[in-house]
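Hi,

Here's the structure I promised to pass on.

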Amino acid sequence: MKKYLYTFGLLICLSVALPGYAQVDRNETLIRSALRGLEYEVKAGISIGGTAPLPLPAEIRSIDGYNPTLAITIGGEVTKWVAVQNKLGVIVGLRLENKAMTTEATVKNYSMEILGQGGERISGVWTGGVKTKVHTAGLTIPLMATYKLSSRWNVKAGPYFSYILSREFSGHVYEGYLREDDPTGPKVEFTDDKIATYDFSDDLRRFQWGLQAGAGWRAFKHLNIYADLTWGLNNIFKNDFHTITFSMYPIYLNIGFGYAF
């Protein structure tokens, strides 16, 4: 009986002591990282923006509606302070991010490929209304330089590289007509609430890259508030995709908070 009581007591002591040792080990690791100029941060935020051509092409006559939809971003970053009294540093991160929007526009002679009621594909130029939904989800690696303006403020900028895991670029056309093949081809009308759908999701490229710039504010000892603008520099569509005749780029503002260790 004494043997069991001794074993039980030892287990209780271990259960009390081990979390304390783990906390001590964690604190020692963070202290060593700080002495080496390393800082870790986990972040979460939302992205607001859109995927658009620049400049706006002549085919798009007006933007009639825009909905940014919910796009959540989570990730982490490691900062290495390297020079100028630990004011200048390098940031490397990894984040899982969504970029999404829905738009409505009025267009004229807009290159399009729609799906007919029998599933057939009809190509030509569209004049009328277009509703488009764009949604991508992927992994992004930012690589930036950062500078501390003060004990609370820092700015950062650099390139980012994304691999897209989920792709959607789809929608429908309405209240207008399609000229098959070219502006002088046979006319196919869609009126009285009739629509025709399109889907170019498989034509989106997997690899995207661009520039990111932003600022952070240290609200409390461990809590940061940040805002980052990301601007894509390569066309979202593959090189062999020619239905949409102009390039489109994702431009998004990400706002959120981070916990710094």
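**Around Phe237**

Setting aside neighbours within four places in sequence, phenylalanine 237 is in contact with Phe169, Phe200, Asp203, Leu204, Arg205, Ile244 and Met248. Keep in mind that this is a predicted model.

Phe237 also turns up in the largest nonpolar core, which has 26 residues. Along with Met112 and Phe169, Phe237 is among those with the most contacts inside that core. Which elements give two or more residues to it? They are strand 4 (88-115), strand 5 (121-148), strand 6 (153-180) and strand 7 (187-199). Strand 4 gives the most, with 6 residues.

**Thr79**

Next, threonine 79, which is found in strand 3 (residues 72-83). Is Thr79 buried or exposed? The relative accessible area is 8%, so threonine 79 counts as buried, the cut-off being under 20%. Leaving out residues up to four places away in sequence, Thr79 touches Gly37, Leu38, Glu39, Val90, Ile91 and Thr146.

**Phe261**

Last one: phenylalanine 261 is found in the segment after strand 10 (249-260). With a relative accessible area of 39%, Phe261 is partly exposed, because that value falls between the 20% and 50% limits.

Cheers

Note on methods
Residues numbered from 1 in each chain as written. Predicted model: local features only at pLDDT ≥ 70, side-chain atom pairs only at ≥ 80, totals over all residues. Heavy atoms only, no water. Helix = DSSP H or I, 4+ residues; strand = E, 2+ residues; numbered from the N terminus. Buried < 20%, exposed > 50% of the residue type's maximum accessible area, 1.4 Å probe, protein only. Core = buried A, V, L, I, M, F, W, Y, C linked by side-chain atoms within 4.5 Å. Contact = heavy atoms within 4.5 Å.
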